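Please examine the sequence and the three-dimensional model shown below. The paragraphs after it are intended to be read alongside both.

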Amino acid sequence: MTFPKDFLWGGATAANQFEGGYDQGGKGLAVPDLKTVGGVKLARRFTPTVEPGVYYPSHKAIDFYHHYKEDIKLFGEMNFNIFRMSISWSRIFPMGDELEPNEAGLAFYDDVIDELIKNGMTPLITLSHFELPMGIVEKYNGFSDRRVIDLFVRYAETVMTRYKSKVKYWITFNEMNFGAMDHGELTVLGMNPNDETIYPNGAKTNEKVRFQALHNALVASAKVVELGHNINPDFMIGCMICHITSYPLTPKPEDVLKRKEFDLLFAKFVGDVQTRGVYPAYMTTYLKNKDIFPVFEAGDAEILKAGTVDMYTFSYYMTICITTDENADETGGNLMGGKANPYLKASEWGWQVDPVGLEYTLIDLQDRYNMPLMVVENGLGFADELQADGTIVDDYRIDYMRDHIKAMDSAIEKGANLIGYTMWGPIDLVSAGTGEMTKRYGFIYVDMNNDGSGSLKRYKKKSFDWYKEVITSNGEKL
Ligand code: BG6
């Protein structure tokens with residue numbers, strides 16, 4: 001095994017998917033607090049206000065808000081040396097635009113961060129993980145309004161200053177490349193689907209506003225990277241890209257070309273800007289041809305250049321195929337599906353399992369960016385079953401992770417500068433895509449159901465001891 005001796009092993013979470021306490025400690029409403037529970041066949045709804053009698057999973061989630069000591073102790077027991085979490089902007093600035101932060105919100109994160117450090121973990125903090133304050137959505141239409149750049153910077157400055165000696169690793173926006181897709185308009189950029197100025201006559205998407213809002217968010221991210229380096233030059237700040245690795249379905253040149261364009265547009269564009277500080281030529285041309293190239297205000301180009309990230313952090317779950325053949329079989333996926341790969345099997349949620357694709361991705365990213373890499377999300381969502389004796393035998397999860405860890409090992413051997421791995425959802429939490437509890441990723445089972453019933457009791461799954469052993473042996477005992 002080739003994992004470096006200080007390799008970072010741990011797990012990743014997001015505030016809105018596990019904290020609960022959505023209205024406690026002065027927290028304001030955030031986008032997920034208005035997203036209903038869904039399912040494989042039932043899309044989540046975003047409602048303008050909290051509707052009576054409807055279940056919103058982020059409100060309780062798994063109540064980490066009141067269980068953090070117990071949960072962090074369990075992560076420590078597995079020997080995690082890193083833990084990825086997000087800070088919920090609306091706990092710190094309830095509407096997003098107050099002048100002074102909410103002390104109760106900060107106090108909660110003070111305790112969580114201290115508890116992590118006490119249990120041997122270095123925190124990795126995401127500043128914006130699909131949970132923009134509703135004040136930012138309703139009053140500003142999210143990042144489509146340039147004023148939100150400085151509101152985000154104010155929030156980032158508050159927490160980066162407060163935790164400058166306790167937190168080294170930061171991510172500005174989770175899966176920011178999602179902001180280049182129509183269904184990322186609300187989730188990443190905060191564009192209000194109920195706003196007629198952006199969505200006239202029932203329009204479902206607005207590409208021009210989307211790419212302007214994404215540009216503004218890229219500027220905000222770059223400003224925060226530069227600011228973070230001023231606050232503490234030792235900070236390691238990353239982008240976070242949902243790397244949707246794709247293959248041409250066939251060697252037909254048209255398929256190969258289409259796949260290349262897909263890769264540049266959805267998997268590479270945002271990471272290219274965040275690592276290199278300039279818009280790549282292919283994207284500039286693409287946007288100009290469609291007349292949707294964003295307005296650059298004076299100074300934007302310099303800001304992007306000055307705020308390039310220190311590491312390329314990304315999520316990897318599955319791969320898809322691309323082809324010009326519209327009749328090819330479909331498969332599901334993270335953020336977006338694609339065409340099915342006849343050589344791969346998919347999970348119950350239609351995500352194709354592809355460990356070799358992770359090795360391929362790591363080699364590809366190392367070659368393109370030549371900087372430290374971190375896999376900050378990877379895992380298997382599965383409908384685990386709690387047995388009468390309190391055990392959960394999740395060999396399928398162990399198999400999935402073993403194969404992906406082997407793939408990382410092999411990529412390191414081939415030159416990938418991989419510094420860490422935080423698997424997704426070390427404790428069962430609410431699915432971002434479907435809002436369910438049934439889609440479980442954790443080493444720790446939480447007795448919580450899709451409708452909010454359940455004792456919230458925590459149980460160790462079989463994979464708990466397995467991952468502990470992986471970490472203790474630094475990836476040798478798989
Ligand atoms: C990523 C997100 O897209 O995938 C997480 O950053 C999300 O928030 C994860 O939970 C898995 O997706 P899902 O839909 O299974 O929760």
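The model is a predicted one, in which local features need pLDDT of at least 70 and side-chain atom pairs count only at pLDDT 80 or more, whereas totals for chains, interfaces and linings use all residues. Residues are numbered from 1 along each chain as its sequence is written, and side-chain values use heavy atoms, with hydrogens and water left out.

The ligand is surrounded by 15 residues, where a residue is near a molecule if one of its heavy atoms lies within 4 Å of it. The closest are Gln17, Glu175, Ala432, Lys439 and Tyr441. By class, this shell comprises six nonpolar, six polar and three charged residues; Ala, Val, Leu, Ile, Met, Phe, Trp, Tyr, Cys and Pro count as nonpolar, Asp, Glu, Lys and Arg as charged, and the others, Gly among them, as polar.

For Tyr441 the separation is 2.5 Å, for Lys439 it is 2.7 Å, and for a polar side-chain atom of Asn334 it is 3.0 Å. On its own the ligand has 380 Å² of accessible area, and the protein covers 98% of this, as computed by the Shrake-Rupley method with a 1.4 Å probe.

Attention now turns to the strands, which are DSSP runs of E with at least two residues, while helices are runs of H or I with at least four, numbered from the N terminus. In strand β11 (residues 373–377), five of the five residues are buried, meaning under 20% relative accessible area, with exposed meaning over 50% and partly exposed in between (1.4 Å probe, protein chains only). Strands pair if DSSP finds at least two bridges between them. Strand β7 (residues 311–315) pairs with β11 in the parallel sense over four bridges, and Glu377 of β11 is the bridge partner of Ser315. Strand β12 (residues 418–424) also runs parallel to β11, joined by three bridges.

Two single residues complete the account. His215 is found in helix α7 (residues 207–231) and counts as buried because its relative accessibility is 0%. The side chain of His215 makes a polar contact of 2.8 Å with the side chain of Tyr279. Pro251 is found in the loop between β6 (245–248) and α8 (253–276), and it counts as exposed because its relative accessibility is 76%.

Note on methods
A polar contact is a pair of N or O atoms within 3.5 Å; within protein, one must be able to donate a hydrogen and the other to accept it, and residues adjacent in sequence count only if both atoms are side-chain atoms.
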